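Subject: Structure handover

Hello,

Here is the structure for your files. My notes on the sheet, the aromatic pairs and the charges over rings follow below it.

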Amino acid sequence: MKRKILQSVTRALVPAIRGRIPPSKDVAILVPLSTRAELTEEEMISMRQLQHYLGSYDKFLIAPEGLEFDFEGFQIKRFAKKFFGSAAAHGKLLGYPGFYREFYDYKFIFFYHLDSLVFSNQLKEWCETELDYIGPPWINCSDSPWVETPRVGNGGFTLLRVESALKVFRSRYRQEPVAFWLDVFTRNAPRWSIGLLEKLHQGIPKSKVLKRLLTEWHEIEDPAPNNRNNDIFWSDKAVRYLPEFRVASLEDGLRFAFEVAPRTCLEMNGGKMPFGCHAWSRYDRKFWEPHLVSNISIPDVRVGAHC
């Protein structure tokens, strides 16, 4: 009885997918910012590549409230500060269906983190595929020894179909209504409240509800070792909730982008350069340096924090 009530309430709160009005645009490029009021030299290199090759597309800075950026050619979407400053915070934002509804007028969103590089204008071509999700593959190598099965892939340079993403969320919450409430909790519970819940749990150690809430909070706050990163969700788990969700093959992922071991990836890709890459300065920077745009002028960045 309790489960049926929970399912009914959850289904009433999860909005339907708006399918009557099709998206009018192909793709929005999303550039997540940090809480800093300036870009580093490497972030400027990343931005220069983006402006040079993909400057004609609709582009959005994903920025925290209170931090104003003035960057020519970009629109700004602001979200609460709690969604910035760490991988865990960013993951909470990308685990929120409302984030994707902000871009419902686009077929795709293309995440371009500022440790990425792009090397050509292939974005339209990738949007014309039947894929729902594609990013740089994970392969087994010294940089990623945890990979057992090579596959797509990292979320820092990623193309995702908006409507399919929203269908995944809706299906997940209908199948697992508890997941909806846990997501609401981890997104909105103030950090100070967790200490209170832990003290309460010490007094009521057999409480399954308190244990579940605290476990969920701690796993989301430390996503990597708990297999809770957002890209793991889209690569490995989304298809559980939406069997028709189409994740790119390893071969397509290699044509799309590299991340770890770029020299190995180049060999696996038949000696051909990809559309782009992620974490270029972290994994074999010297490999990527010959491909950087040089002597290309881009608009000045004027940034500043507003109280």
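Phenylalanine 111 has threonine 158 as its bridge partner in S10. This is a predicted model, and everything below was computed from it. Strand S5 (residues 106–112) and strand S10 (residues 157–161) run antiparallel and are joined by five bridges.

Both strands belong to an open sheet of six strands with mixed pairing, in the order S4-S2-S1-S5-S10-S7. The edges are strand S4 (75–79) and strand S7 (133–134); each has a single partner strand, so one side of each has no neighbour in the sheet.

Phenylalanine 180 has 14% relative accessibility, so it counts as buried, whereas tryptophan 181 is partly exposed at 34%.

Phenylalanine 287 and tryptophan 288 also pair: their ring centres are 4.7 Å apart and their planes stand at 90 degrees, which makes the pair edge-to-face. Here phenylalanine 287 is buried, with a relative accessible area of 9%, and tryptophan 288 is buried at 0% relative accessibility.

Lysine 59 has its charged end over the ring of phenylalanine 74, 5.3 Å from the ring's centre. Lysine 77 lies over the face of phenylalanine 103, 5.6 Å from the ring centre.

Regards

Conventions:
Residues are numbered from 1 along each chain as its sequence is written. This is a predicted model: local features need pLDDT of at least 70, side-chain atom pairs count only at pLDDT 80 or more; totals for chains, interfaces and linings use all residues. Side-chain values use heavy atoms; hydrogens and water are left out. Two strands pair if DSSP finds at least two bridges between them. Helices (H or I, at least four residues) and strands (E, at least two) are DSSP runs, numbered from the N terminus. Buried means under 20% relative accessible area, exposed over 50%, partly exposed in between (1.4 Å probe, protein chains only). Rings of Phe, Tyr and Trp (its six-membered ring) pair if their centres lie within 6.5 Å; planes under 30 degrees apart count as stacked, over 60 as edge-to-face and the rest as tilted. A charge sits over a ring if NZ of Lys or CZ of Arg is within 6 Å of the ring centre and within 35 degrees of the ring normal.
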